[in-house]
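Work through these exercises with the sequence and the 3D structure open. Try each task before you read its solution.

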Amino acid sequence: MALHINLYHEIQKQELARRRDPLKLGMLGLLLVVIGFVAFYFYRMESVHLLNVRIATLETEWKKFEPKQKAAKTREDELTQNIKLSDLLTKRIESRFYWAPILDEVLQNVPREVQITKLAGDLAIEKGRPSVLLVSGISSSAAPRKVAEDLRTALDEKLAENFEKVNSRFNSLDDTEESVTLDGKPCPTATFAIEFQLHNSAPEPTPVPARKKVAAQ
Amino acid sequence: MKIEKEEIQKIVLSLMLFAGVIYCYFTFLLGPLSTAQAAGEAKIHTLEPQIADAKKQLQKTADLEKKAPVSSKALEQINALIPEGAPVAWFPPRIAEFFKHEGIDKALTRLNNEFPEKELTGFRKLVWSVDIPHVEFVPLGMALAKLENQEPLLEIMNVSVEAMKEDPQYQHATLTVSTLVKQ
């Protein structure tokens, strides 16, 4: 068996030691780290650049929108005020109280035995309070009080069709000593004053009432 | 393997240099970038809602613009009902003319009161009394119906009709009416 003797072992050992030089390895590691840092720096720089581009875009957009927004706000205020005013006026016009239909009801429900001497209507100014209609007159028949009561009932029913609630009462109902001639016969008379309290909704406006009969004659 | 003293010195020196480089890297290179990024993000967070609000505002105004013609027209119509000039100069003749047209010759109108309208900017309420000394009930009722329909800004607050003793066919009527006029 041949004997192998390595006569270069010292040279090879030196070569290995040179390759495993810690300083060299350290420098290589350091270089790798530096390359990583530089790469990361460029990556971050690019991110910030993209962010700046986005900011520039947004700023341009904002510069475009800002004056438009101010103008739109001013216009909105103007329009809102106009719409509000228009709505309030329309509401006020539509919720007016109409007296003509009430006069029409009175006209149509006064029988020939009754003469109206005074009619007064007061619109409720405060919300929730009733409007008031006062009807004063003279009734004449064999039973003048009944005629007055019939008038109160008839008007109450008719007005109740147009209002949520109607309260009616006699403020006065007195027999008088005077008598009138009705259909050729003398009849006793009574004076009356009826108060109607008209609550809530008012009647819709009606066309001009037809000429049917004269209430107060 | 034995590291010599000179090599140890080199390694320590290298490590110190490396630490210095790391410090400079984070402080002078990454630091300003991070600051700029934070400021930029804050700016974006401010600008984005502002732009969104502006767009909303434009949309809201555009929606209002669609509704506006109806209101503007109504307002124009209402304004057209109110003549220019002092109400005391045009309202009494207007009422007198109206009743004359309805066959009621005499109607005297006087200004009673004036109220500001808090809700209705640019308007005020005037209260007038209208005295009709000689009228029949039916023509009066017809005239009032027409007046209420013809004058939307007018409201009768009080009506009083009283038979005349000397001539029971006729009545003496008094009206209290309110009107809206421009400031």
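Helices and strands here are DSSP runs, numbered from the N terminus; a helix has at least four residues and a strand at least two. The model is predicted.

**Exercise 1. Find which element gives the largest share of the lining of the largest cavity.**

Solution. 
Step 1. Count the cavities. The structure holds 2 of 30 Å³ or more.
Step 2. Take the largest cavity. Its volume is about 90 Å³.
Step 3. List its lining. The residues are B:Leu81, B:Ile82, B:Trp90, B:Phe91, B:Arg94, B:Glu151, B:Pro152, B:Leu153, B:Leu154, B:Thr179 and B:Leu180.
Step 4. Assign them to elements. Two or more lining residues come from each of α2 (87–101) and β4 (171–182) of chain B.
Step 5. Pick the top contributor. α2(B) gives 3 residues, the largest share.

**Exercise 2. Sort the lining of the largest cavity by class.**

Solution. 
Step 1. The lining has 8 nonpolar, 1 polar and 2 charged residues.
Step 2. Name the charged pair. B:Arg94 and B:Glu151 are both in the lining, and Arg and Glu count as charged.

**Exercise 3. Is B:Glu151 buried or exposed? Which side chain does the side chain of B:Glu151 make a polar contact with?**

Solution. 
Step 1. Locate the residue. B:Glu151 sits in the loop between α3 (137–150) and β3 (154–163) of chain B.
Step 2. Check its accessibility. The value is 14%, so B:Glu151 counts as buried; the cut-off is under 20%.
Step 3. Find the partner. The side chain of B:Glu151 makes a polar contact with that of B:Arg94, at 3.0 Å.

**Exercise 4. How many disulfides are there over all chains? Are A:Cys187 and B:Cys24 buried or partly exposed?**

Solution. 
Step 1. Recall the bond. A disulfide joins the sulfur atoms of two cysteines covalently.
Step 2. Use the cut-off. Two cysteine sulfur atoms must lie within 2.5 Å.
Step 3. Count. The total over all chains is 0 disulfides.
Step 4. Classify the cysteines. A:Cys187 has 10% relative accessibility, so it counts as buried. B:Cys24, with a relative accessible area of 36%, is partly exposed.

**Exercise 5. How far apart do the C-alpha centres of domain 1 and domain 2 lie in chain A and in chain B?**

Solution. 
Step 1. Chain A has domain 1 (13–95) and domain 2 (100–199). Chain B has domain 1 (1–80) and domain 2 (87–182).
Step 2. Read the separations. In chain A the C-alpha centres of the two domains lie 82 Å apart. In chain B they lie 70 Å apart.

Methods. Residues are numbered from 1 along each chain as its sequence is written. Chains are lettered from A and ligands numbered from 1 in the order in which they are written. This is a predicted model: local features need pLDDT of at least 70, side-chain atom pairs count only at pLDDT 80 or more; totals for chains, interfaces and linings use all residues. Side-chain values use heavy atoms; hydrogens and water are left out. Buried means under 20% relative accessible area, exposed over 50%, partly exposed in between (1.4 Å probe, protein chains only). Domain bounds come from an automatic or database domain assignment. On a 1 Å grid over the protein atoms alone, a cavity is a set of points where a 1.4 Å probe fits but cannot get out, and a pocket is an open set with protein on both sides within 12 Å along at least five of seven lines; lining residues have an atom within 4 Å of a point. Grid points are joined across faces, edges and corners, and a volume is the space filled by probe spheres set on the points. A polar contact is a pair of N or O atoms within 3.5 Å; within protein, one must be able to donate a hydrogen and the other to accept it, and residues adjacent in sequence count only if both atoms are side-chain atoms.
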